[in-house]
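Visitor: I have a model open and would like to learn how to read its features. Where do we begin?

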Amino acid sequence: MKEVKTIGYDAKRIVSNATGLGSYSRTLLESLANYDKQFLLYAPNKGRKELYSSLLEKENLFFKFPHKSNGDLVSNKILQWLWREEGIIDDLLKDKVEVFHGLTGQLPKGIKQSRIKSIVTIHDLIFFPHPEWYSRIDVFLYKKKFFRTIKQADRIIAISECTKRDIIRYGNVDERKIEVIYQSYNPIFSQEISQDEKQKVKQKYSLPEKFILNVGTIERRKNVLLAVKALKEIILNNPKTEEHLVIVGRKTSYAKEVEHYIEQNDLTDRVHIINGVLFDELKVLYSLANLFVYPSIYEGFGIPIIEAIANRLPVVACKGSCLEEAGGEHSLYVEPTDVKAMAEAMQTLLCNEKKRTLVIEKGLQHIQKFANNDVAQKHIQLYNQLINNQY
């Protein structure tokens, strides 16, 4: 079997996104760099170098940016966008890329006509079942990009069985064209944290002694108000409880609704919202918490659940999308509107030591399927299948 030698990637999120799609892409490339291949990362600009500085140290990873005819980097945003949309094809051909991988749901126009093999990773299609969470123009553009991309792609990677089902349902795609490869988590979340690190982060954010943690953008889809209401229920049932709720994430307009509820229900001293947390601080926050809660209504995967489990945290999440895939059968799941059930599940994992220990141990076994090297190997196998026309 012929082995792939040169793989290209859409690296826009690698250089620009601190979390989410950026973290997914950087974690995957860190692991792929262990293979004896040439990995070319195509980004429209240099973005924030601090996000990908570790990738610059890899001898077989090379960043590629659009240049003018005189050799200068393209600085105009529109020209950068046009390059990513279509102009990149000339560079891929010049660099003799054998497989191009759109890491974040997009492929350039003309990739199929260029005869370069292509793969796209689709993370979620939430805008189909829940268009109310997006503007009309965004829904229109997302759908247009999706339909264009699935026609261009030789193969599609779905990051969960849930996303695979959505691709088949909304895109009418033959399931044989889709490969499920779960998102890997950064091994940094399994590392031991020193007491000194813990104390610094604890002081910086004035964290309480005991707290339940939630991580994710504070938006309606993430449904964090359910966790806030559940905490209130716990306090009403047990006024002596010392638990707090710490919410880590970027605020949207939905955050005002959450903050209003907190104020109206005298929870200001028990619920703490923080943002601007550095990546190295996030792993410390996980290690300081007693429980992780992820009440999202709909996700493509839910990587914070994996990060929490890696830090030996028990998890309570919601039913209805792919979170059971991320958390495994021993984490606890409730309906996304059931405050009482959420409160009971949280209380169980805080107070029942036997249940708590079981959930943690089984969770650690479950997340082995998301280990970096295994995920990277599956990608390499898929690339090789592509260039050998085994699909």
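**Reading the features**

Guide: Helix α4 (residues 77-94) gives the most to the lining of the largest cavity, with 3 residues. Helices (H or I, at least four residues) and strands (E, at least two) are DSSP runs, numbered from the N terminus. Residues are numbered from 1 along each chain as its sequence is written. This is a predicted model: local features need pLDDT of at least 70, side-chain atom pairs count only at pLDDT 80 or more, and totals for chains, interfaces and linings use all residues, while side-chain values use heavy atoms, with hydrogens and water left out.

Visitor: What volume does the largest cavity have, and which residues line it?

Guide: A cavity is a set of points, on a 1 Å grid over the protein atoms alone, where a 1.4 Å probe fits but cannot get out; lining residues have an atom within 4 Å of a point. Points are joined across faces, edges and corners, and the volume is the space filled by probe spheres set on them. Here the largest cavity has a volume of about 40 Å³. Its lining residues are D10, Y42, W83, R84, I88, F100, Q106, L107 and P108.

Visitor: Which residues touch the most other members in the largest nonpolar core?

Guide: In soluble globular proteins, nonpolar side chains tend to be buried together. A nonpolar core is a set of buried Ala, Val, Leu, Ile, Met, Phe, Trp, Tyr and Cys residues joined through side-chain atoms within 4.5 Å. Buried means under 20% relative accessible area, exposed over 50%, partly exposed in between (1.4 Å probe, protein chains only). In this core of 68 residues, they are L92, I156, L213, Y286, F292 and I305. Helix α11 (residues 303-310) gives the most to this core, with 6 residues. A second, separate core has 33 residues, including I235, L291, V293 and A345.

Visitor: Is A227 buried or exposed?

Guide: A227 counts as buried because its relative accessibility is 0%. A227 sits in helix α8. Leaving aside neighbours within four places in sequence, A227 is in contact (heavy atoms within 4.5 Å) with L245, V293, P295 and M346.

Visitor: And K240: buried or exposed?

Guide: K240 has 75% relative accessibility, so it counts as exposed. K240 lies in the loop between α8 (225-237) and β9.

Visitor: How many bridges join β9 to β10?

Guide: Two strands pair if DSSP finds at least two bridges between them. Strands β9 (residues 244-248) and β10 (residues 271-274) run parallel, joined by 4 bridges. V246 stands opposite H272 in β10.

Note on methods:
On a 1 Å grid over the protein atoms alone, a cavity is a set of points where a 1.4 Å probe fits but cannot get out, and a pocket is an open set with protein on both sides within 12 Å along at least five of seven lines; lining residues have an atom within 4 Å of a point.
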